Amino acid sequence: MFNLIRNEWEKILKKKSTFVMIGLLILAIIALSGILKYVDNNDESTGDEWQADIQQQIETDRENMEEYGGRQLGTYYQRNLAINEYRLEHEISPSVESNVWTLVDEAKMLTSFIGLFTIVVAAGIVAGEFSTGTIKLLLIRPMSRTKILLSKYLTVILFSLLLLAIVYGLSSIIGVILYGFPPDDAVHLAYQNGEVVERSQGLQLIITYLLYSIDILMLTTMAFMISAVFRNSSLAIGLSMFLLFVGNTVANLLAMQFDWAKYLLFLNTDLTVYFDGMPTIEGMTLTFSIIMLTLYFLIFHALAFFFFKRRDVAA
Amino acid sequence: MTTVLSLDHVSKSIGKKRIIDDLSLSVQEGEVFGLLGPNGAGKTTTIRMMVGLMRLGAGDIVICGDSVKDNFERAIKHVGAIVENPEMYQHLTGYQNLVQYSRMYKGITKQKIDEIVELVKLKKNIDQKVKTYSLGMRQRLGLAQCLLHDPKLLILDEPTNGLDPAGIREIRDHLKYLTREKKLSVIVSSHLLSEMEMMCDRIAIIQQGKLIDVQTIADQQLEEKSTYYFETSDLGKKLLQLREKWMIALKGEGFIIDAEKEEVAKLIKELTEADISIYLVQKLTKTLEERFLEITGS
Ligand SMILES: Nc1ncnc2c1ncn2[C@@H]1O[C@H](COP(=O)(O)OP(=O)(O)OP(=O)(O)O)[C@@H](O)[C@H]1O
Ligand SMILES: [Mg+2]
């Protein structure tokens, strides 16, 4: 099994496209750091009157909530209000100077890049072998098809972890170079179960990164499943990308109208709402979402393995 | 003699079409066994079932005592195969490709890989990427890939496909070496009859998924009587006598006759004594090709 993963890993890393992906990711991190540093230098509004600013914000939020406070926006204002009131009460200024965590936090938006790249790899890792015909020489070995497919899946997961580590690691390093180490009192205010809690920023970021990866994990697993079932990488890439970009929006639109939308994959992938915010549909809980995710995960794998094991190879 | 591979009433349908129909045969140790048939006969399909790429519709295939249905991993351990073209990872070098496959067996050393590379004469190009390889080099790499783990049975689907005469000859020599020296059994498929005749000990003729006949090549050469063609001057009065004694049949500028070697010598002497000129004596061997066409009726 170890050898199989090693084989798959070697096949991926020796591809030119992999180098392009990693190169693009590194470029993106560097560009992001540059832009942030530039914006930061031009921004000198951190004054002493932050209490007044926040007071102002609280009032507008209250008005807005009364006027537009529907199902979703209502919870949004509720969260802002709670956090701002907490700030006033405990004298926590919102604009702590930029530090290394600011950059790492901003870099989390690169996880959608990672999602994109991992989907491409997941879509190609099975279907690609069928289109080149190399699958034949792979399957005539004393290894079960289950093991071969599993090794491919694990390799995809390893690949996404590598990309995540590159983003987290490189942005931390650049952050420390640009801003130095963070001040000790930097805290993150999170809104959890209707209460405001303080968290260390480093910890908050690791949680955020992991929670963001759930999205990637699910879509990657889906792309992998399509790749194994239909043996067609374009289909796998196309469908998964489409869902990556519009899935969330569509699911959220449905959620405004229908209660059953809570069973949709995309309304459950964003677990951050349970740690810092409010669920899209009232009554959804962390447990519910985890159960739904596990179900989807198992269904994807059941399909992938069933078809990969059974079907004749006539490539 | 031990049986290395046996097919036992194997059938396969795709959709409603019966592609393989009740095929039974067996291959012995050290034997080169040919699967011969026109395009679409089902040779590749049969081979795919042997190596587990396709499921059996009915029947069973046993390799070195293990059924591919019940004990695939053990059965396939003894097999090295090329199915249709030997497709390799284009972005890896020949050597890296071999390392990939070697990791899927226990105990293949670096030394072993080098030895095989030497055997198939690919040493010069082994560190180039496969996408730069010519078809012949790919075939060699394909052969290297199936020899890595010292298999007992080689299964090669059209191994000479696209090779020039020198390449074909080389494959033939490899097979000879492997069967004589290493006691391997080999299954080759082809629709090139003349080539099969030179390579194989036995040949199964397949048509539309059915086994038509199994021919032993050695038998053919032991045949006692052969057909000869004589081109002569006018036989004149001698004709009647020759007909009675030798049962000749007139043909072209002369006649044909079924006879043993010694009889031919006698006949030549007799004709010369009767003052008949002999311009040509030719042995007409019925090639496998003719038999094949005869049998398959095309
Ligand atoms: N996936 C498939 N679906 C339907 N029919 C198929 C499939 N694969 C093969 N066949 C049919 O099975 C028959 C046998 O095909 P096969 O490839 O085994 O022939 P072959 O003897 O290897 O021919 P060739 O000499 O051209 O390589 C053909 O009639 C073909 O049309
Ligand atoms: Mg064929």
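Modeller: In what follows, Ala, Val, Leu, Ile, Met, Phe, Trp, Tyr, Cys and Pro count as nonpolar, Asp, Glu, Lys and Arg as charged, and the others, Gly among them, as polar. The model is predicted.

Colleague: How do the residues of the shell around ligand 1 divide into nonpolar, polar and charged?

Modeller: There are 13 residues around ligand 1. Gly40(B), Gly42(B), Lys43(B), Thr44(B) and Thr45(B) come nearest. By class, the shell divides into 4 nonpolar, 6 polar and 3 charged residues.

Colleague: Which element of chain B gives the largest share of the shell around ligand 1?

Modeller: An oxygen atom of ligand 1 is 2.7 Å from a polar backbone atom of Lys43(B). Two elements give two or more residues to the shell, namely strand 2 (17–28) and helix 1 (43–50) of chain B. The largest share, 3 residues, comes from helix 1 of chain B.

Colleague: What percentage of the area that ligand 1 exposes when taken alone does the protein bury?

Modeller: Side chains of chain B also approach oxygen atoms of the ligand: an N or O atom of Asn39(B) is 2.9 Å from one, and for Glu158(B) the distance is 3.5 Å. Taken alone, ligand 1 exposes 640 Å². Of that, the protein buries 65%.

Colleague: How much area do chain B and chain A bury between them?

Modeller: In residues, 29 of chain B are in contact with 29 of chain A. The size of an interface is often given as the accessible area lost when the parts come together. Carbon and sulfur atoms hold 51% of the area buried here, and the total is about 2,900 Å².

Colleague: Which residues of chain B lose the most area to chain A?

Modeller: Three residues together account for 26% of what the chain B side buries. They are Leu53(B), Arg103(B) and Met104(B).

Colleague: How far apart are the C-alpha centres of domain 1 and domain 2 of chain B?

Modeller: Chain B is divided into domain 1 (3–217) and domain 2 (221–290). Their C-alpha centres lie apart by 44 Å.

Technical notes
Residues are numbered from 1 along each chain as its sequence is written. Chains are lettered from A and ligands numbered from 1 in the order in which they are written. This is a predicted model: local features need pLDDT of at least 70, side-chain atom pairs count only at pLDDT 80 or more; totals for chains, interfaces and linings use all residues. Side-chain values use heavy atoms; hydrogens and water are left out. A residue is near a molecule or strand if one of its heavy atoms lies within 4 Å of it. A polar contact is a pair of N or O atoms within 3.5 Å; within protein, one must be able to donate a hydrogen and the other to accept it, and residues adjacent in sequence count only if both atoms are side-chain atoms. Accessible areas come from the Shrake-Rupley method with a 1.4 Å probe; for residues, only the protein chains shown count as cover. Helices (H or I, at least four residues) and strands (E, at least two) are DSSP runs, numbered from the N terminus. Domain bounds come from an automatic or database domain assignment. Contact means heavy atoms within 4.5 Å. Buried area is the accessible area (1.4 Å probe) that two parts lose on being put together, summed over both.
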